[in-house]
Amino acid sequence: MNSLTGRLDTFPSSSSPLKWYVCGPTVYDSAHLGHARSYVSQDILRRIVTQHFHQDIFLVMGMTDVDDKIIAAASAQQTTMANIARHHETAFLRNLAALNVLRVSSITRVSEHIPEIIGYIQGLDSNGFAYATSDGVYFDTVAMGSSYGKLAPSTPQEYTDIVLEDGAVGGEKRNVRDFALWKLSKTHDEPGWESPWGRGRPGWHIECSAMTHHVLGGSIDVHSGGVDLRFPHHNNEIAQCDAYHHHQAGRYLMVGSWVYFYSGVDHTWCQHFVHFGHLYIKGLKMSKSLKNFITIDALLANYSADAFRLFCLQYKYNVNVHFSHDRMRDANAVYHRFHSFFHTLQSHVKATEAGGASERTPYARRVDAADFRVLDALAQCKLDVDSALRLDFNTPGALQHLLELVTATNKAWTDRPAMSVEVLCAVATYVMDTLALFGLDALQFPSLRLAAPVADDAASQSNAIQGADVMDVFTTFRAQVRALALTNTSDKVAQDILKLCDTVRCDSLLSMNRAFRLLYMYVPRDAQLPSLGIQIEDISPGKSFWKQQVDAPEAVEDKTSTEKAVLAAKAAEFEAEMQVPPASFFQLSPQFAGKFAAFDHEVSLDAYPKTMEEFKVRTTQGGMSKHPDTVDKMYVDGERNVNIIINFDIEFPKGFYCGSCYAAGSPGDVAGKVYFAPSRIFENGYLLDTDMLDLTFRSFDNTHHIKTLTFGQEYPNMKNPLNSRNKTLPSDQRGAYQYFLRVVSTDYSFLNGDEIKSNQYSVTEHFLQMTPTGHKGLPRVSFAYEFSPIKFRIEQTQNGLFPFFTSICAIVGGVFTVMGLVDSAMHQLSTKALKQPSLL
């Protein structure tokens, strides 16, 4: 998108290198993720233009090392402006290298181009576009006429992106739009340089115009930078460069016998502007001024450079993006999906080509129909990726085409394990090349690209015993032993062998959500290889692969330590509450402490709330019923009604398949969970977990209608909050519906002595939104319940004889009172009728 025209113009091309200028940072503080997003996106576009479209580029980056903010930082740290600038410039370039950003063709520092800047201002003054004041020199925007404002905001929203120049407003400015070209020093200690107008320093906008003119000449092909630089910075750059070249303002032109007054310029300084979108955090633009930034060093302490680059690739370069750790985890999942595909295929290539073909390890060179279909998908993917990149560098579209190709290849490979190795490697090579084009150089597996398997790196070649070779031999040996054991699974020895094989392995399901692992199979907790960062996948009897774990246990522990600490604290709190004696529960439990003024200790079983209002403190939260006046007494009992049947009646009208319902807990337990989760995905044999998510995620719709959910038999006036509950999933969302139920045992006693032992419950609802590449599992409907360590007893009672006679008297008295009122009213009406005069 050309920001200058607002259209999708053809990107410039030339037989000579394109002249491309990018605004660098003002080096007064650490670089943050807002910078990283701009410069990584810039690097991606540069790589696509040079490596995919084969257009050479001469890229120049301007480095602002003279600025009021740098001077302020130097004063605060009691050092020089140059020391501050050099320190942060070095750190910034080191950050770019860590993000795998290529070196630019040239870097221009403001401090090294002061003579060129002074000469450029003199040129503007000579052409009539500058004027001097007592505090400096200003650009005359009025002299530009209608030519000024080529990148001025066209909508109110665009004004929010403006970054103003510090100290740009002076008292002698002729127009509010005029901006500083040269700022005179206010004190002798202030950094500055001698000039025809006095000692001072250049303004912000003139720096880039003069430096590009010095390095790239009078015009450039492409200019890029963050969208916050569009106005006024890039807008004023255009004004300066157009005004500097070829024409003077306010001059008269003679055309034939007519005289015209010329008040503008017609020079085109730059053909194409590229602006990168903001990076937001918690709804605000990430910036140093707002103090809400995350440094690049802090990012790289938790995520790899490739993961952040994939985060950038998932969004168009010119759109605003909200940064979050969930989105980074999604990007990391995409990275590991590619890595898993390459590593699994490399293990397959090594195992088959080293060991040859056998009955249990199919291996062929022949190309059949399935192979041709994969090759067709590869050819189509190449066309789709090229089209996406030609359509304004649509990297999200290109990335999606690559993921779909990997999914299709994995599915074809699963359906036909004897696929041609060359076909599989052709797919992997293209995907690796495209990811390398985007700057993800770490995803390189030479055994897939070369004619035969090779060592992964030079260091391993020098070792007499290579770890990868040892794992290859071990994996093959284990697969053969396992295949023999599977021939007679009823034999006790064979069963023990299978257990040993499963104990040492790390199934791919270890990286999946725990609930779905339990739906599929049991994975031993004492697996030995996971602790070494190694994962073994059993494809079929006699066929296994090994690869490095997607996330080593230590890494997972680091990433989830905070969540585990929170969960552990909640578990400890619950366990502590469970230890409170029932007789003291209302006094000591944190959820009831301070809510009751007094307790009646005459009840032998336990204390109970003294008033109905106190009882409602608990029962009205989350949807429990408010009992009618027939409820006379409410007791608290420490014995819970847990030996009951949970009555479930739930319907999924949208066809959400629930092949099995996993329930953790049983009658007699004080807590449990019920999951309604998809399980048909496990019927298709071997699938990588990432492909399983991608193939099935879009088909899940857990819209549901809960007809009935009770914990035991219903009693009079009982309210179950989830009965007749409808939940409709929006078409653009996928996620998990989670219900958390707090169950309170309740005994209901009738007047005739009959009793119902049941339970009532309160509920808290939560919807967990998910993405196909996230770590939150698959869409589901889950119910987690726990029994409170208290029990209520509700008794129906009838009034005594005295209250009965009192009520009768009140009724009789009321009847006579009403009759007296009616008789009095009738008497008054008849009296008024008799007093009226006759019409005769």
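Which residue in strand 6 does Tyr 138 stand opposite? Ala 180 is the one: Tyr 138 stands opposite Ala 180 in strand 6. I'll come back to that spot in a minute.

Okay, some housekeeping. What we have here is a predicted model, where local features need pLDDT of at least 70 and side-chain atom pairs count only at pLDDT 80 or more, while totals for chains, interfaces and linings use all residues. Residues are numbered from 1 along each chain as its sequence is written, and side-chain values use heavy atoms, with hydrogens and water left out.

Now, the overall picture. pLDDT, the predictor's confidence in each residue from 0 to 100, averages 75 over the protein chain, and 63% of the residues score at least 70. Two stretches to be careful with: over residues 551–560 pLDDT stays under 50, and it also stays under 50 over residues 600–638. Contact here means heavy atoms within 4.5 Å. Counting contacts beyond four places in sequence, the model has 11 for residues 551–560 and 92 for residues 600–638.

The protein chain has 22 helices and 25 strands. Those are DSSP runs numbered from the N terminus, with helices being H or I of at least four residues and strands being E of at least two. Of the 840 residues, 48% are buried, and buried means under 20% relative accessible area with a 1.4 Å probe, protein chains only; exposed is over 50%, and partly exposed is in between. Among contacts with a separation of 6 or more, 74% come from residues 24 or more positions apart.

Let's get to the sheets. Strands of a sheet pair through backbone hydrogen bonds, either parallel or antiparallel. For us, two strands pair if DSSP finds at least two bridges between them.

Strand 2 (residues 57–64) is joined to strand 3 by 4 bridges, and Val 60 has Ser 106 in strand 3 as its bridge partner.

Strand 6 (residues 180–184) is mostly covered, with 5 of its 5 residues buried. Strand 5 and strand 6 share 3 bridges, and 3 bridges also join strand 6 to strand 7 (residues 200–202). Look at Trp 182: Val 137 has Trp 182 as its bridge partner in strand 6, and Trp 182 has Pro 202 as its partner in strand 7.

Last topic, aromatics. How many aromatic pairs does the structure hold? There are 22. Rings of Phe, Tyr and Trp (its six-membered ring) pair if their centres lie within 6.5 Å; planes under 30 degrees apart count as stacked, over 60 as edge-to-face and the rest as tilted.

Take Phe 129 and Phe 139: their ring centres are 6.2 Å apart and their planes at 10°, so this pair is stacked. Phe 129 is in the loop between helix 4 (114–126) and strand 4 (130–133), and Phe 139 is in strand 5 (residues 136–139), so the pair ties together parts 10 residues apart in sequence. Phe 129 is buried at 0% relative accessible area, and Phe 139 is buried at 0% too.

Then there's Phe 711 and Tyr 785, with centres 5.4 Å apart and planes at 65°, so that pair is edge-to-face. Phe 711 sits in strand 21 (residues 704–711) and Tyr 785 in strand 25 (residues 780–796), so the pair ties together parts 74 residues apart in sequence.

And one cluster to finish: Phe 11, Trp 20, Phe 276, Tyr 317 and Phe 393 form one aromatic cluster.
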